[in-house]
Amino acid sequence: MLKERGQLKFEDKWPAMRLIVLKLLRQESVSPAEWQDLFYDVHLVCLWDEKGPSKLKEHLQEDIVQFIKQAQARVLSHREEQALLKAYIAEWRKFFTQCNYLPTPFRQLESSLQGKPATGTANLQTSNNKKGQSEESIVRKLMLDSWNESIFNDIKHRLQESAMKLVHAERNGEAFDSQLVIGVRESYVNLCSSIDDKMQIYRENFEAAYIQSTEMFYKLKGPEQLAANGVQAYMRYADNKLREEEARAQKYLEAGSNAVIQCCVKVLVGNTLPILLAECAPLIKAGETDRLQLMFRLLERVPEGVQPMLTELESHITQAGLADMVAAADIITQDSEKYVERLLELFRKFSMLVHDAFNDDPRFLTARDKAFKAVVNDTTVFKLELNTNKSIGAKSVAPESKCPELLANYCDMLLRRTPLSKRLTSEEIELRLRDVLLVLKYVSNKDVFMRYHKAHLTRRLILDASADSEKEEDMVEWLREVGMPADYVNKLARMFQDIKVSEDLNSQFRVSTTRHDAINIKILNAGAWARGSERVSVSLPVELEDYIPEVEEFYKKKHSGRKLQWYHHMSNGTITFANEVGRFDLDVTTFQMAVLFAWNQRPNEKVSYENLRLATELPDSELRRTLWSLVAFPKLKRQLLVYSPSVTIPKDFTEHTLFWINQEFCLIKNSRPQKRGKINLIGRLQLSTERSQLEDNHSIVQLRILRTQEAIIKILKMRKRITNAALQVELVDILKNMFLPSKKMIKEQLEWLIEHKYMKRDDDDINTFIYMA
Amino acid sequence: MSEEPEPMDTDNQKSEKMFTLKKWNAVAMWSWDVECDTCAICRVQVMDACLRCQAESKKDYYGKQDCVVVWGECNHSFHYCCMSLWVKQNNRCPLCQQEWSIQRMGK
Ligand SMILES: [Zn+2]
Ligand SMILES: [Zn+2]
Ligand SMILES: [Zn+2]
């Protein structure tokens, strides 16, 4: 039966082969013998007929195309969309399955067409191993390309359209067989014979159509929803739809591309961005956290969505904060507890907002912090106060927030024995102190806080007025923890150490003498407590004067090389006052004592100002202040001293103003006069004289200048040369825990340092500075 | 004439004073009795601990009482810590070049 070699022709073999090929295409059953025959015949044709391979390919293609044409006719016979899709998917699945079978017998053909010698199977195997058969099979490619060219190109628009109609129906809530859409998509994906980009056909057709129809849908529905239900409902709608589309895309689209969601975002969010953003401020104002969260979720999806929200938040907190402060200006500039509590309430409110609405997103936390900073350092409220209080000497310095001063006052109220600290538990006090530190974080002139805090601490220690000495020392460490400058914190720590040393000394003194039960001494290290402060001379009442030599004698025995200076403006005590009504214990300053004791010799006399000045030898300003505290003590209904003629400020006392003891003085409790009682007339213990207080205000400016100079030199020493811009950055970094140096001050100090040859400008670049050793 | 009440016993008279002292908390500050506030060797104020003492225990050097002042016969004064290091190199006062001998120590 076998023909001679060389005489075997393609035409002889093809009719038999073709029958098997057609059976395969039609998915009819092929017997193992037929299957083997096909292999063998392909082999023979390729081996013996020179033109066999090309003819084989040609005819094969013809039959494949023919088959596809028939399939197409079957598909197109369906007019109804779902039926068409169903038919197509069925035909395609059949065909695609065959794409995996039919190429197998034609491997020999593949090799021949690629010009490879048709030798043993080794070669085939290696090539098989290198790349999967399906990937490089010519026959497979032939099949897929033919399908693509003949049927697919013809009806792909109808397919896509039908599929998209189904998706559209689904969007409108109609149920259908989602497998139809999925089937179409799969055909697009599998159809691609390109190895480089397997998704090409899918992407350019199916996905593109999907995106387009999605866009169309929401371009129509979005504005409809907005118009019909308003912005709030629209945001919920958009949010729901985006999630829905995300789920839908997972079902109908290949993974890996976010294009359709981006498209939805653009249509649903991007296109309405201004309208959505217009809602932001009112929502923040109303504290609508759920809606804000929704808005944040939506706007976070578009590139320029979040920034405007941050701006809104920052300006709202700033404005609301400042409005709050201004509205309560009268109270908060006077009452540090109310001020701090108001601030903290504000902080809590907005921190909660950032937490609830924006999940503590770092961007929103930063916006919040910026706003807090603005509120805390704002001077509006305090400028208002200055206006109503013009008697305060006008300072040339720019107005600063009184926040740090009020914070320090509040700390004092918590740390001193006060009604507030008595009311609170130790834990509550600690929490509030921590709150103070939290606010302090935002304060830019921290040096002002330090100054007031130290002054208050000095008073508490000198008056033994601390509520809890352990908490006092804790506070010092907390200040260290939040980054207050070490030398400052060390100074505070040093005061605690020193007061302990002084307490020991006092015990020793009291042991050394038995007759002086009435005296306690505090002998403190001048370097830690009173550097540069001025003393005030006073003529002590004999009762006090008597103690001085003995204390000095005692101290000389304990120490050598030291000199003692009495700080009578800081010392204080308790005296008993007896009059016709009863007996009262009065806590008074030594100056008040000096004034009051002047009446011991002449209880019922009216004494002139001039006369009191001679008796006490107090400087004018101190005497006026002391007298004022005795004729107009705020807490007293009946004052200790009476005077005439009446004045409104201590300055207006003349030398002839007469003062006398109020023999009707008594304490009033529940509007009933008391015969016994104790009252503290010390008020705020004076730490320095009026003059040095003024100097204090200047000294804070002086200190800033000095710190700025030091820091500039420190930076230049390290860098040797540095640009102005870089210098400013480093400078602010070094000084930020004390104060924020103004541009003007930095400039002035740079000029000063240049003038005094600490540094110079670069000859080639005047914005670069060079260190001069 | 108020003759009768006057010669009452002195205790009673004292208690009849309008103001009587019950307690006095007297405050004084001590400082080294020096002519110059700054130690010429370490350039720190003598009321503060010297540089070395400050560096040795950063946190609680303030509690120390040991960083005292020393006066020379020339009446110049320095931190004792600073001077005792100085004399190892040069037994003269850094300020007046007189031979150093201790006049007194702070306590
Ligand atoms: Zn020294
Ligand atoms: Zn020392
Ligand atoms: Zn000397």
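Q: How many bridges join β12(A) to strand β13 of chain A?
A: Three, and the two strands run antiparallel. Two strands pair if DSSP finds at least two bridges between them, so β12(A) and β13(A) count as paired. Strands here are DSSP runs of E, at least two residues long, numbered from the N terminus; helices are runs of H or I, at least four residues. This is a predicted model: local features need pLDDT of at least 70, side-chain atom pairs count only at pLDDT 80 or more, and totals for chains, interfaces and linings use all residues. Residues are numbered from 1 along each chain as its sequence is written, chains are lettered from A and ligands numbered from 1 in the order written, and side-chain values use heavy atoms, without hydrogens and water.

Q: What makes β11 and β12 of chain A edge strands?
A: The open sheet has the order β11-β13-β12 (chain A). β11 (721–723) and β12 (759–761) each pair on one side only.

Q: Why is the site of the zinc ion (ligand 3) called tetrahedral?
A: Four donors count as tetrahedral if all angles lie between 85 and 135 degrees. Here they are 107 to 113°, so the label holds.

Q: What makes C74(B), H76(B), C93(B) and C96(B) donors of this zinc ion?
A: Donors are N, O and S atoms within 2.8 Å of the metal (3.2 Å for Na, K and Ca); water is not among the atoms, so sites may look incomplete.

Q: Why is H76(B) called partly exposed?
A: Buried means under 20% relative accessible area, exposed over 50%, partly exposed in between (1.4 Å probe, protein chains only). H76(B) has 22%, so it is partly exposed.

How values were computed
Four donors count as tetrahedral if all angles lie between 85 and 135 degrees; four count as square planar and six as octahedral if opposite donors are over 155 degrees apart and all others between 65 and 115; anything else is irregular.
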